[in-house]
Amino acid sequence: MESLKEKVYAQLSLAKQASRQMALLTRTEKDRALAAIGEKLLADEKTILAANELDIAKAEVDGQPASYLDRLRLTPARVHNLVESLASLAALDDPVGQKMDSWTQPNGLVIEQIRVPLGVIGMVYEARPNVTVDAAAIALKTGNAIVLRGSHSAVNSNVALARSIREALAATELPEAAVQYLPFAEHASVDLLCTANGLVDVIIPRGGAGLIQRVLQLSSVPVLETGVGNCHIYIDQAARYDMAEAIAVNAKTSRPAVCNAAETLLLHRNWPHDYQRALLQKLLDQGVELRVCAKTREAHHELASLLREAQAADWDTEYSALILAVRTVDSLAEAIEHITAHSSGHSEAIVTEDDTAANQFLAAVDATAVYHNASTRFTDGGEFGFGAEIGISTQKLHARGPMGLPALTSYKYVVRGTGQIR
């Protein structure tokens, strides 16, 4: 009987072979394939949604929370959004082959720095079946092959989506082997993917802290690390109430399960007391559980019965739910100090009319995206104009922030001479 390693390596070998052909595709070929994938997803919508219902039903039996079910669920609207994202992706420039720089050496050598595909991308992710389409599409647009390994809780959805994608590639005479899905329940399949040096060029983990840390610890293949989102909204003493309320409520409640949602609210103690109470009440009215520091509770004793006492772990928790930690700080410096100690480096925001305070915050806070008077919910490839993203990197090497098309490329030097020797 064929072992798990043999099965996984067979798929990786097919992807490696396909990557060589993918690297040579023209933009026209890629965009035609993206359109074909969109058409195939619509044609297979009933089959895809039926497969998703199997995953949803099992997740409900397993007692998964509402936030998890939201990430897992596909609907007709979400399928159509995926198709629209494919069209948007096709409209973007193809980075492969772009000349990043060029110069001529004194000896006459002409050197060009040219964008090239990474090769074979291994994608390890949780719950969200939309990632199957987004990741495969971005890999295609950048001339890469991709090996997908989603969580087993979404296996029916992911297998159905991958099947549609592969059939669309075959219909456009592109190598369907360029998109591989590992359907195996064994965690060892992730280990094999992450240690397949020579067959896989980069691993991208996308999910919770546990998944990301596991991949980082076991992988011998280079990792493009995506990060968890412990994001903060700091309301400065010079903040306008209407703006502060809109930003805080949006950042926490618009979609609490995503990584760019706010998890901690910092309030300057000199921001008017009535404003603070009104904002806390607004969040409570929106169904948000508030876990507050002692200083906040003392300042708003009239709300004390509605507030929970924050524990030390709350400042470091990505809730992915309608829960918000709240702390009162005495100064901008204290807010920055708190963020420095507890931030995951994802997205951080200040709300203030004081440009000096804003500029100090933007310069001092170390995160992939820092905001002045805007919600952290904008940290997203689509919102940044990159098209569909493959993840949000919180590391500093190769790529940082929303990873669009250029992040899925490397470069090589093309050197032209006239017989020079050294």
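How far is the sulfur of C259 from the closest cysteine sulfur, and which residue holds that closest sulfur?

Tutor: Happy to! This is a predicted model, where local features need pLDDT of at least 70 and side-chain atom pairs count only at pLDDT 80 or more, while totals for chains, interfaces and linings use all residues. Numbering runs from 1 along each chain as its sequence is written, and side-chain values use heavy atoms, without hydrogens or water.

For C259, the closest cysteine sulfur belongs to C231, at 7.0 Å, which is too far for a bond. A disulfide needs a pair of cysteine sulfur atoms within 2.5 Å. From C194, the closest cysteine sulfur is the one in C259, 20 Å away, so a bond is ruled out there too. Across the whole structure, the search finds 0 disulfides.

C259 is partly exposed, because its relative accessibility is 25%, whereas C194 is buried at 0%. Here buried means under 20% relative accessible area, exposed over 50%, and partly exposed in between, with a 1.4 Å probe and protein chains only.

The largest nonpolar core has 74 residues, and M123, L140, I146, V200, I203 and I390 have the most contacts inside it. Such a core joins buried Ala, Val, Leu, Ile, Met, Phe, Trp, Tyr and Cys residues through side-chain atoms within 4.5 Å. Helix α6 (residues 130–141) supplies the largest share of this core, 8 residues. A second, separate core of 29 residues includes I233, L265, L267 and L290.

Conventions:
Helices (H or I, at least four residues) and strands (E, at least two) are DSSP runs, numbered from the N terminus.
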